[in-house]
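Dear colleague,

I am passing on the structure below for you to look over. My notes on what was found in it come after it, and I would be glad if you read the two side by side.

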Amino acid sequence: MTQTAVNPLVRMQEDLQRAMQKPLERRSWAMVIDTRKCIGCFACSVACVAENVSPPGVTYRTVLDIEIGRYPGVQRILKPMNCQQCENPPCVPAANEVAPGSMERRPDGIVVINYERARGREVFEAVRRACPYRLAVFFDDGRFHTDGTPARQAYEQRPALEYGRNWSRTQDQPPVNTVRKCHFCLHRLEAKMLPACVTTCIGGAMYFGDLNDPNSLVSQMLKEQRDKVMRVNESRGTKPRVYYLTDTPVLCKSHHP
Ligand code: SF4
Ligand code: SF4
């Protein structure tokens, strides 16, 4: 009798349910992105914007299109990028120096922002300078996509649910005038749902789960494909929690804009 393969989304959902039964400090969240499956459609970015009701210019997730090597040995890699949830996040002390208590790394590995404290351009500039990934942090300057038109649209006035709160973007209230970035969709995890970019990826390139669980899909992928794994800018000692699978890990390791 042939065995039916379990859909990876179903498997990750089961992994998530198991992880959420453990105390927070015994979970270790990680994202695995298989660059060989990314088709560069930006569905993950759109899902992220919709999930977090991002204003103009704020996109926690982008997809880099990178060319590696020289003709005739040229290769292309599509690399989705969001906050790498570093184990040693240089952004945290940088932010806290300007605005004490504005950022922290949780025991489960997610680097979070306190929207009530991380306010003003000065904190944003400090975090941006400290972050080696550049694309990871954004500033909400209070604009709406439909500013200048007769009426703001309902889709950009609905609240964002980040950090388990109900954030309506109104002038001078957070997250307006606040530093923002990817949080591994923490509010969804707490509702036992996978991150929006993972469930939306039509190429099946995005994986998420608990590295403290040896039976989770992400743990098994990283173990079975260890010669394909790379992390971005590892030499900085940040220890990212986003892992990339690629057929050219050595080339990719050395290449980051
Ligand atoms: S990627 Fe940047 S913003 Fe995210 S944890 Fe690392 S240093 Fe901080
Ligand atoms: S995990 Fe959530 S916040 Fe982070 S890039 Fe994906 S959709 Fe955006």
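The notes below begin with conventions and then go through the sheet, the core, the ligands and two further places in the chain.

This is a predicted model, in which local features need pLDDT of at least 70 and side-chain atom pairs count only at pLDDT 80 or more, while totals for chains, interfaces and linings use all residues. Residues are numbered from 1 along each chain as its sequence is written, chains are lettered from A and ligands numbered from 1 in the order in which they are written, and side-chain values use heavy atoms, with hydrogens and water left out.

Helices (H or I, at least four residues) and strands (E, at least two) are DSSP runs, numbered from the N terminus, and two strands pair if DSSP finds at least two bridges between them. Four strands make up an open sheet of mixed pairing, in the order 8-1-10-9. Strand 8 and strand 9 (229-230) are at its edges with a single partner strand each, so one side of each has no neighbour in the sheet. Strand 1 is joined to strand 8 by five bridges in the antiparallel sense, with Ile-33 opposite Met-206 of strand 8, and to strand 10 by four bridges in the parallel sense, where Val-32 has Tyr-243 as its bridge partner. Strand 10 (residues 242-245) in turn runs antiparallel to strand 9, to which two bridges join it, and Tyr-244 of strand 10 stands opposite Met-230.

Is strand 1 mostly covered or uncovered? It is mostly covered, since six of its six residues are buried, where buried means under 20% relative accessible area, exposed over 50% and partly exposed in between (1.4 Å probe, protein chains only). In a regular strand the side chains alternate between the two faces of the sheet. Here Trp-29, Met-31 and Ile-33 point one way from strand 1, whereas Ala-30, Val-32 and Asp-34 point the other way, and all are buried.

A nonpolar core is a set of buried Ala, Val, Leu, Ile, Met, Phe, Trp, Tyr and Cys residues joined through side-chain atoms within 4.5 Å. The largest one has 69 residues, and those with the most contacts inside it are Trp-29, Met-31, Val-32, Met-103, Phe-184 and Phe-208. Strand 1 (residues 29-34) gives the most to this core, with five residues. Beyond its neighbours within four places in sequence, Trp-29 is in contact (heavy atoms within 4.5 Å) with residues including Leu-16, Met-20, Ile-110, Phe-184, Phe-208 and Arg-241.

Rings of Phe, Tyr and Trp (its six-membered ring) pair if their centres lie within 6.5 Å, and planes under 30 degrees apart count as stacked, over 60 as edge-to-face and the rest as tilted. The count by this rule is five aromatic pairs. One of them, Trp-29 with Phe-208, is stacked, at 5.3 Å centre to centre and 25° between the planes; this pair links Trp-29 in strand 1 with Phe-208 in strand 8 (residues 206-210), 179 residues apart. Phe-184 and Phe-208 form an edge-to-face pair, at 5.1 Å centre to centre with 85° between the planes. Phe-184 lies in the loop between strand 7 (178-180) and helix 5 (186-190) and Phe-208 in strand 8, so this pair ties together parts 24 residues apart in sequence. Ring pairs thus link Trp-29, Phe-184 and Phe-208 into a cluster.Next come the ligands, for which a residue is near if one of its heavy atoms lies within 4 Å. Ligand 1 is surrounded by 13 residues, the closest being Cys-83, Cys-86, Cys-91, Cys-131 and Tyr-133. Ligand 2 is also surrounded by 13 residues, the closest being Cys-48, Cys-182, Phe-184, Cys-185 and Cys-197, and helix 2 (43-52) and helix 6 (196-200) are the elements that give two or more residues to its shell.

Two further places remain. Strand 2 (residues 62-68) and strand 3 (residues 75-81) pair in the antiparallel sense over seven bridges, and Ile-66 has Ile-77 as its bridge partner in strand 3. Their hairpin has six residues between the strands, and Gly-69 takes a positive phi near 90° there. Asn-215, in the loop between strand 8 and helix 7 (217-224), is 200 residues from Asp-15 in sequence and 8.1 Å from it in space, C-alpha to C-alpha.

With best regards
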